[in-house]
Amino acid sequence: MLLINPKSVAFADRSLPGVRSITIDRKTDILAEEWIDAGPHQVFCDATKLRTIVRIVQQLDIGDAASLTVTPLPGVQDQLTFQASINNAPRGCNVSMVACVVSVTTELPPAGLSSGNAAPVARAAVRTITLHAISPTGTADPVQTTPI
Amino acid sequence: MTFDGIPLFGNGPLRTIREPIGEQLTPRAALGIPGGGLVAAGPLDFAITFTGRLITDTPAQLQELIESITGAFVSPPGKGELVDEQGNAWSAISFVRFEPLGPFERGRVCSLAFKAKFVNLRE
């Protein structure tokens with residue numbers, strides 16, 4: 001799921017400014033799989049170990065020291081909340097989940113070239129916060145959406 | 001696969017493994033015979049192992065299936081006819097071991113990988 005320009009993004013009660021997108025991916029690394037003696041084709045497959053991986057892409061504001069220096073650390077687990085437009089909710093949804101930070105990376109894209117002899121155009125640094133959403137029960141979907 | 005006409009492991013997938021065929025080799029020292037080396041103690045028992053997966057809709061049904069498998073054990077082991085998925089049949093076989101190969105797995109269905117051993121025990 002790709003959510004462009006989500007609003008009011010907050011993690012651990014701190015606002016995350018400049019979030020350009022949030023992706024929510026579902027992944028399994030280990031499958032339950034079986035074959036039988038009758039032939040070579042797989043006869044059983046089940047995803048019994050799911051991960052919900054959330055990536056927050058944040059454009060950093062060079063003029064805002066807090067947005068540059070305040071970053072969640074890997075291992076921190078807390079509430080992630082935001083508002084986003086989702087197809088089946090015309091006015092958008094409140095999305096919430098408990099999530100654990102697994103990585104925080106920051107990239108400074110190379111400056112773009114402007115036309116003519118003008119100076120290169122500076123581009124904002126981009127921070128990507130990757131989290132794993134945590135289910136409270138193991139059976140419930142860790143991502144909760146509530147139509148606004 | 002059935003044992004004495006009962007499909008012990010439900011409808012889950014199974015693979016059949018023939019256990020080794022040949023002589024039981026025993027270290028001489030274990031028999032109190034001086035010196036190294038092995039002694040051929042006689043032919044190995046004919047044995048078949050099944051590996052597979054029990055599959056049910058709910059954990060409770062999976063637990064019930066395991067209890068029905070447990071109920072198939074008697075001590076000393078009884079003998080019955082074993083028929084595999086391909087229709088191969090062996091008579092006078094004993095069900096001697098059921099071994100879960102991990103925890104209950106819960107995804108679309110509930111399942112448990114397992115190994116089960118049947119041996120043609122001698123009188």
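Here is a short briefing on the fold, confidence and nonpolar cores of this model. The model is predicted, so local features need pLDDT of at least 70 and side-chain atom pairs count only at pLDDT 80 or more, while totals for chains, interfaces and linings use all residues. Residues are numbered from 1 along each chain as its sequence is written, and chains are lettered from A and ligands numbered from 1 in the order in which they are written.

**Confidence**
- Within chain A, helix α1 (residues 65-69) has the lowest confidence, a mean of 65, and strand β6 (residues 44-47) the highest, at 97.

**Fold of chain A**
- Chain A holds 1 helix and 11 strands; these are DSSP runs, with helices H or I of at least four residues and strands E of at least two, numbered from the N terminus.
- Along the sequence, the pattern is β-β-β-β-β-β-β-α-β-β-β-β.

**Nonpolar cores**
- A nonpolar core is a set of buried Ala, Val, Leu, Ile, Met, Phe, Trp, Tyr and Cys residues joined through C-beta atoms within 7 Å; buried means that 20 or more other C-beta atoms, placed from the backbone, lie within 10 Å of a residue's own.
- The largest nonpolar core has 19 residues, and those touching the most other members include I22(A), V54(A) and I56(A).
- β9(A) gives the most to this core, with 5 residues.
- A second, separate core of 16 residues includes L8(B) and F118(B).

Key
A residue is buried if 20 or more other C-beta atoms lie within 10 Å of its own, exposed if 12 or fewer, and partly exposed in between; C-beta atoms are placed from the backbone. pLDDT is the predictor's confidence in each residue, from 0 to 100.
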